[in-house]
Amino acid sequence: MSATRVLIVDDHPMVADGIEAILESYPDIEVVGTLSNGQEAVDKVAALAPDVVLMDLNMPGVNGLSATEILIENDADLRVLILSMHDSPEYISTALNHGAKGYVLKDVPTDQIKEAIDRVMAGEQYLCTGASASLQPKTADGREPLTSREQTILLQLAQGKSNKEVANTLGISVRTVETHRKNIKRKLGISSTAGLTRYALEHGVLQGTGVGL
């Protein structure tokens with residue numbers, strides 16, 4: 001099977017170089033170029049022939065949204081993945097409406113970038129956990145609801161397990177647990193592990209687990 005050809009478009013060289021180094025460590029991915037703005041992507045995509053374009057949003061000249069729309073208009077089969085620091089619902093929904101096949105936040109563990117590429121290559125849409133949560137309706141108290149995965153990790157953490165123990169139990173990386181933990185704390189407005197445990201007790205998360213006060 002031939003390697004997936006990936007084009008990186010980001011105006012921050014350190015970010016682009018870092019992503020390139022990560023992706024090049026996978027034998028089934030070939031980075032065909034790193035460009036610094038949307039206009040370069042529009043001008044060079046035909047020659048570089050990528051399968052997937054990792055596109056930043058805020059860039060000088062032609063921004064990521066405009067470039068995505070143009071690229072998809074020229075080649076409906078091209079898969080554009082937005083890789084951005086912005087997690088607002090407006091950014092995410094607008095990017096998807098412009099034809100992007102997925103949205104990944106820049107602070108995700110590196111294995112999620114690889115997963116996103118694999119998923120869009122399989123014809124699926126991919127939203128990282130943070131992006132997906134941003135598009136979900138708020139709860140009655142104005143908080144973002146926890147995903148089922150986050151609820152599972154909250155239960156594990158409230159039982160006093162370390163990030164490494166949670167990772168081993170669920171078969172995921174420690175970095176992924178750390179990212180989920182950060183998202184849980186952000187959504188619940190809780191800064192400490194003790195606070196997470198108290199929340200779990202007060203909201204019945206620990207019911208039936210044998211964990212007491």
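Guide: Here is a short tour, from the whole chain down to single residues. Keep in mind that the model is predicted.

Visitor: Fine. What does the secondary structure of the chain come to?
Guide: It comes to ten helices and six strands.

Visitor: And how many of the residues count as buried, in percent?
Guide: The chain has 213 residues, and 42% of them count as buried. There is also a figure for contacts. Take those between residues at least 6 apart in sequence: 61% join residues at least 24 apart.

Visitor: Let's go inside. Which residues have the most contacts in the largest nonpolar core?
Guide: Leu 23, Met 55 and Val 104. That core has 43 residues.

Visitor: What is Leu 23 in contact with, leaving aside neighbours within four places in sequence?
Guide: Its partners are Val 6, Ile 8, Ile 29, Val 31, Leu 54, Ile 113 and Ile 117.

Visitor: Is Ala 67 buried or exposed?
Guide: Buried, because its relative accessibility is 0%.

Visitor: How far is Ala 67 from Ala 41?
Guide: In space, 7.2 Å, C-alpha to C-alpha. In sequence, they are 26 residues apart.

Visitor: New topic. At what angle do α7 and α8 pack?
Guide: About 130°, with the axes 10 Å apart. Helix α7 covers residues 148-158 and helix α8 covers residues 163-170. The two helices are therefore oblique to each other. Their crossing is right-handed.

Visitor: Which residues make that contact?
Guide: From α7, Arg 149, Thr 152, Ile 153, Gln 156 and Leu 157. From α8, Asn 163, Val 166, Thr 169 and Leu 170. By class, the contact of α7 with α8 has four nonpolar, four polar and one charged.

Visitor: Which residues of α7 are buried?
Guide: Glu 150, Ile 153, Leu 154, Gln 156, Leu 157 and Ala 158.

Visitor: What happens just after α7?
Guide: Gly 160 takes a positive phi there, about 90°.

Visitor: Now α8 and α9. How far apart are their axes?
Guide: They are 8 Å apart, and the packing angle is about 110°. Helix α9 runs over residues 174-188. So α8 and α9 are roughly perpendicular to each other. This crossing is right-handed.

Visitor: Which residues meet there?
Guide: On the α8 side, Asn 163, Lys 164, Val 166 and Ala 167. On the α9 side, Val 174, Val 177, Glu 178 and Arg 181. The contact of α8 with α9 divides into four nonpolar, one polar and three charged residues.

Visitor: Why does Asn 183 count as buried?
Guide: Because its relative accessibility is 8%, and the cut-off for buried is under 20%.

Visitor: What does Asn 183 touch, not counting residues up to four places away in sequence?
Guide: Thr 129, Gly 130 and Glu 150. Glu 150 is one of the buried residues of α7.

Notes. Residues are numbered from 1 along each chain as its sequence is written. This is a predicted model: local features need pLDDT of at least 70, side-chain atom pairs count only at pLDDT 80 or more; totals for chains, interfaces and linings use all residues. Side-chain values use heavy atoms; hydrogens and water are left out. Axes are lines fitted to C-alpha atoms, for helices over the stretch in contact, and angles run from 0 to 180 degrees between N-to-C directions. Helices (H or I, at least four residues) and strands (E, at least two) are DSSP runs, numbered from the N terminus. Angles under 35 degrees count as roughly parallel, over 145 as roughly antiparallel, 65 to 115 as roughly perpendicular and the rest as oblique. A crossing is left-handed if the near helix is turned anticlockwise from the far one by less than a right angle, and right-handed if clockwise. Contact means heavy atoms within 4.5 Å. Ala, Val, Leu, Ile, Met, Phe, Trp, Tyr, Cys and Pro count as nonpolar, Asp, Glu, Lys and Arg as charged, and the others, Gly among them, as polar. A nonpolar core is a set of buried Ala, Val, Leu, Ile, Met, Phe, Trp, Tyr and Cys residues joined through side-chain atoms within 4.5 Å. Buried means under 20% relative accessible area, exposed over 50%, partly exposed in between (1.4 Å probe, protein chains only).
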